[in-house]
Protein chains: 2
Amino acid sequence: MSPISNARKHTARAVMAAALTVAATPQLRGDEGMWTFDNLPVKLLKDRYGFTPEQEWVDHLRLASVRFNDGGSGAFVSKNGLVLTNHHVALGQLQKMSTPKKDYVKEGFFAKDLKGEIACPDLEVNVLVSMEDVTARVRAAVDPKASDKDQNEQRKGEISRITKASTDETGLRSDVVELYQGGEYWLYRYKKYTDMRLVMAPEIQAAFYGGDPDNFTYPRFALDFAFFRVYENGKPVKIEHYLKWSKDGAADGELVFVTGHPGRTDRLDTVAQLEYARDLGLPLYLKVAAAKRADYYAYAKLGAEQERRSKDRIFGIENAIKAVTGEYEGLLDPKLFASLKDAEDALRQTVAGSSDETTKNAKASWDKIAAATKKAGDRRLQTTYRAYAATKVAGLAGTIVRYVAEVAKPNDKRYEEFRDSALESLKFRLFSPAPMYPDMEEFFLKRALEDALRELGPDDEFVRAALGGAEPAKVAKDLIAGTKLFDVAARKKLVEGGEKAVAESDDALIVWSRKLDPVYRAQRKWYEDEIESVTVAEGNRIAKARFAVYGKSTYPDATFTLRMSYGKVAGYEQGTTLVAPFTTFHGLYDRAIGHSEKPPFDLAPRVKAAKAKLKLGTKVNFVTTNDIIGGNSGSPIVNAKGEYVGLVFDGNIQSLVGRYAYDDARNRTVAVHSSGIIEAMRAVYGMGKLADEVAGRK
Amino acid sequence: MSPISNARKHTARAVMAAALTVAATPQLRGDEGMWTFDNLPVKLLKDRYGFTPEQEWVDHLRLASVRFNDGGSGAFVSKNGLVLTNHHVALGQLQKMSTPKKDYVKEGFFAKDLKGEIACPDLEVNVLVSMEDVTARVRAAVDPKASDKDQNEQRKGEISRITKASTDETGLRSDVVELYQGGEYWLYRYKKYTDMRLVMAPEIQAAFYGGDPDNFTYPRFALDFAFFRVYENGKPVKIEHYLKWSKDGAADGELVFVTGHPGRTDRLDTVAQLEYARDLGLPLYLKVAAAKRADYYAYAKLGAEQERRSKDRIFGIENAIKAVTGEYEGLLDPKLFASLKDAEDALRQTVAGSSDETTKNAKASWDKIAAATKKAGDRRLQTTYRAYAATKVAGLAGTIVRYVAEVAKPNDKRYEEFRDSALESLKFRLFSPAPMYPDMEEFFLKRALEDALRELGPDDEFVRAALGGAEPAKVAKDLIAGTKLFDVAARKKLVEGGEKAVAESDDALIVWSRKLDPVYRAQRKWYEDEIESVTVAEGNRIAKARFAVYGKSTYPDATFTLRMSYGKVAGYEQGTTLVAPFTTFHGLYDRAIGHSEKPPFDLAPRVKAAKAKLKLGTKVNFVTTNDIIGGNSGSPIVNAKGEYVGLVFDGNIQSLVGRYAYDDARNRTVAVHSSGIIEAMRAVYGMGKLADEVAGRK
């Protein structure tokens, strides 16, 4: 019996169990929830939408869903391995594949046939093929009387043994996923694809129409889609589970589902942690990000080629600043914060009055987390400004130095990212042929070292090791000039040569990274022992108590693992008016003309030229109430029949507070409408053959 | 020398004087200001926009501008007396001209030629032909040592003498306008037109596209325009001063001017008055309005005909509620309120430290106004719920009873609205043949009496006189059944029969109004003696002090008299994105399809059918920074060449606080684009001939 069918059986059991035990959960609001596939909100769906998912339907969606390991989601949309995701998920690859002569970001990419499809340098995608509850195994390996630090070690050791055994046994990528802040542990096994080829990507001006001003807003008019094809052994993979295309796409009020990989939420964080985020963490983040943004723009101004190279970084930082500003503003809302505090107070009160051993156990946890959070806060400048991996090549050097040391240890004693199960993916990144630019690396390394010196002072251990009393500019210059690590072969040679090769290397960046290594390790040890072990252990206690109080009637915080959210297509109130659920190509031209076609509201030449050919009333973007967050980018939206109706690419500004809480009135997922994708492929891009493959012959 | 050329000379002097004496005014923000035509911001315009208006240009704009006396503005746009205004300014007339069989509100109105143009029942428009500063005359008539009450009498007496003399001399409608809260008095003479004929009005679904949700918001897609033609002696009037149509309409960033009749602002109100508005006045208004709205909807639900009759009232109350909510929310903004308080504190401090007699004189005025405001507030339920004119016909009855008594007095002893200069316009309204509906009148009279009884109690003097111990329902029923005042002839007969006829009348509503009359007069006397005389006199002192401090470098509060505002076409930031300055027909169809054509986002059938014929990229609506307020509806927007580029129909939600202060970042005037009007006339409505008259042959 293959592990896949094993997993299926398991999942089926879990869903049935969930259906029987589901309890009322006072905190759920509206269509809230990023549900794990073993614990879908079956009762809620039945009560609210009269819909009960079949196990086959659930499995099909899971197996058609794809994780982009760089951060994003996608789905199979043809039996010939075609994967649909966002342009902005593909952007990193497009950037890497572009050259000064051929800029796929600016001009788009359109393969006319299989031969025209080109290989991505370092793109890995995963499909979740099995899920197994290993909570009991992880718990059994932990001595509840041991110190938190020892418990943390024991837990990590057991997790590493579980993943190693699974990898050995199945050959599949195997991760143990911590859910409910340690309330549960699951072994997720993934089928892994690394031969990904680019099939089609619109021009960035069409994909990211409206640019930074329109990012995280709605109404929108973005053709934010891209197609890859999965290959194995030089041929397109035959896919059993792919999503059939809907004829008309999503309709107003229709029940829809999003499957994808939300990256991170902090909805179970304690109030102390949220206060830290609000008062120190997020403001510091925004300060650092604003400085970084200024650096990126400064670099981009150096010339056309520098501008081209900077596009994805600038997109990334603008995106992050807007997202975190949304989160921050959400937390600043006193009403929201009070409601989070009320929920915590209610749980703490129940815990305090409980006679149950597990529940009582969490009594002191909130205060302990508060103390650890304060401690972490006291060193926030160090954790922020010690720039061990300020630039790509410096980061690779540090990784190589640690790599050779870690892999020499027994598997369960290593840093997590160097354990056997992770090594293959890590090497894939380490040996990526994606271009790096020495002048760019030097520019940002210098800037990071200047920041460290200014913020931490010359006596900081990192600063001493990194600068040795020299000027940041000189250090950066010498390091970049003195390294051969831009060359993949040089990196490979060092890794293959192991500790000896690294110890003897006179590569400037390797020498430098060896100097930094003890500082890095001491800081990480402090963080793991003093902070992480407390927040994990006490979070674990709170999670257990929460289970005891509420049952498993809710969903865990996002962990960049597969989730399903449900919701409906719906407009919303904003600024005293009603935002329509759909936009159309009419709206795209309206916005362009309304802004006199000034950037970022100008039209890509192909889009402008296609006006007469397009069916202008075709829907382009739409909004749904689904609960999503970063990482869900590229997720498919399917209807109750499991048909592809939309492509998630954003959340509206009111959804950003979703990191901490779901706003049931105005949270909206923003998606490209399936009809708009096909219409653009046919009428704008002349990609009718690909459209036929996805949606059937016209 | 005709009064017109007199006025022109005067104006020329005033403008030149202004150019010489203009001083820095700390309170002006952005393109703030509703300027009188004698005191345009010449220096500001030159400094900011490099534009200096010629006197001829100024006079031409003034004489092409039209006031709709029911509340609204407009402009001449052809030499044959064509006046362009908003559909919602025309709405009252459209409603009055419609019948159950022919509903011009729903279906629109389109005269194919002069013969098809139909007369409005009671529409008066005015053109400001001269302006004369009479401050010195008014001041001279007031004994500064007399009591406030006597000063008020003296002032009103002199004003009435001035207007009477002017009417007698020129035959023109003559009003004395109080500016700067009594800082200046001006005699405005108007050419008056009463034979107005309807030429064209789109269907309300096109004119008021997006309905209440979109009201006061932007982006918008409303064809909110209507054409009237002015007749005299049965023929279209030949007009010298009309606005030439712009070929391309307003462009992004272009300097533009609005001429029109802003109804009312309270920007010179004291903080005590604003606190009263914020804490008592506006909340009470919103409570009453919400109840009224519920009544209108209840009546409209009685049947299709009742629904038809209610359209303009429902539009009016929804509009008022949204507007006042905007004002109220603006005042609730602590930052804004603090800035208003700071400005007042600064002026009070200067006044307190001044040795100048006029300035010192205002020292106690703020406190006196505060006391009077408090006193008014204490009786706010009476002034709100004593329903002397709860319905149309009851209001007419009360007016007739007062009319015959007042006109028997010497002109300067009468209530203002019965003085000779106002009588013609008053009679025009009193004898309007516009339909009234007995069942509708009874419905709302009953409701008003119920409210009065509930809020004031049975012992209130008004309630005792109005109900005499009976049930509101019975009183309303008997009054409506027992009146003949629905008939114009009956009203005329009473007015012509004078005091005797009214005293002997057994018409139920006249008998009732006679009973209410002493209560009305006592309440009005209290208000005029105790409140108005204080706020006017002290406001006058503050205004004088303000003049002494700032000079005449600013503009007076709006008074429903002709003003000019300047600004530019400009988008703005909202909800983290950029609102485009223009919308197009593309956007109209986008919004309709986006909302699945559900009301209020459905398309009028003609508009839907015209899609293939329309140039979809034609601009429909746009926004400018001009400072406007209710009453400006229908105002022309002209470019520096004086050409017609747009038609004001709204302000965005951020402009509503404009009653108290101008928001220089986001205040926007919302207008129909001149190109959109012409395109709609030609491609949607088949009104090419009229379009030719306005914009020239295509």
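Start at B:Pro219. Select this residue in the loop between H9 and strand S10 (226–232) of chain B. Helices (H or I, at least four residues) and strands (E, at least two) are DSSP runs, numbered from the N terminus. Show the backbone: a cis peptide bond links B:Tyr218 to B:Pro219, with omega about 0°.

This is a predicted model, in which local features need pLDDT of at least 70, side-chain atom pairs count only at pLDDT 80 or more, and totals for chains, interfaces and linings use all residues. Residues are numbered from 1 along each chain as its sequence is written, while chains are lettered from A and ligands numbered from 1 in the order in which they are written.

Select A:Pro600 next. Its place is the loop between H23 and helix H24 (605–609) of chain A. The peptide bond from A:Pro599 to A:Pro600 is cis, with omega near 5°.

Go to B:Ser596, in the loop between H23 and helix H24 (605–609) of chain B. Its phi is positive, near 55°, and the residue is not a glycine. B:Ser596 counts as partly exposed, with 15 C-beta neighbours inside 10 Å. The cut-offs: a residue is buried if 20 or more other C-beta atoms lie within 10 Å of its own, exposed if 12 or fewer, and partly exposed in between, with C-beta atoms placed from the backbone.

Now B:Asn233, in the loop between S10 and strand S11 (235–236) of chain B. Phi is again positive, about 55°. B:Asn233 counts as exposed, with 6 C-beta neighbours inside 10 Å. Why stop at these places? Most residues other than glycine have a negative phi, and most peptide bonds are trans.

Select B:Leu347 in helix H12 (residues 334–352) of chain B. B:Leu347 is buried, because 21 other C-beta atoms lie within 10 Å. Leaving aside neighbours within four places in sequence, B:Leu347 is in contact with B:Arg546 and B:Val549. Contact means C-beta atoms, placed from the backbone, within 7 Å. Draw a distance to B:Ala545: the C-alpha atoms are separated by 8.7 Å, though the residues are 198 apart along the chain.

Then pick B:Asp459, in the loop between helix H18 (438–456) and helix H19 (461–467) of chain B. B:Asp459 is exposed, with 7 C-beta neighbours inside 10 Å.

**Where the chains meet**

Show both chains. 26 residues of chain B are in contact with 27 residues of chain A. On the chain B side, helix H9 (211–214), strand S15 (577–579), strand S16 (582–584) and helix H23 (585–594) each give two or more residues. H23(B) gives the largest share, seven residues.

Select H23 in both chains. The two helices pack at an angle of about 145°, with their axes 7 Å apart. Axes are lines fitted to C-alpha atoms, for helices over the stretch in contact, and angles run from 0 to 180 degrees between N-to-C directions. A:His586, A:Gly587, A:Tyr589 and A:Asp590 meet B:His586, B:Gly587, B:Tyr589 and B:Asp590.

**Zoom out**

A rotation of 180° with 0.1 Å of shift along its axis superposes chain B on chain A (RMSD 0.0 Å). That is the relation of a two-fold axis. Copies are superposed by least squares on the C-alpha atoms of residues with pLDDT of at least 70 in both.

Of its 698 residues, 49% count as buried.

How values were computed. Two residues are in contact if their C-beta atoms, placed from the backbone, lie within 7 Å.
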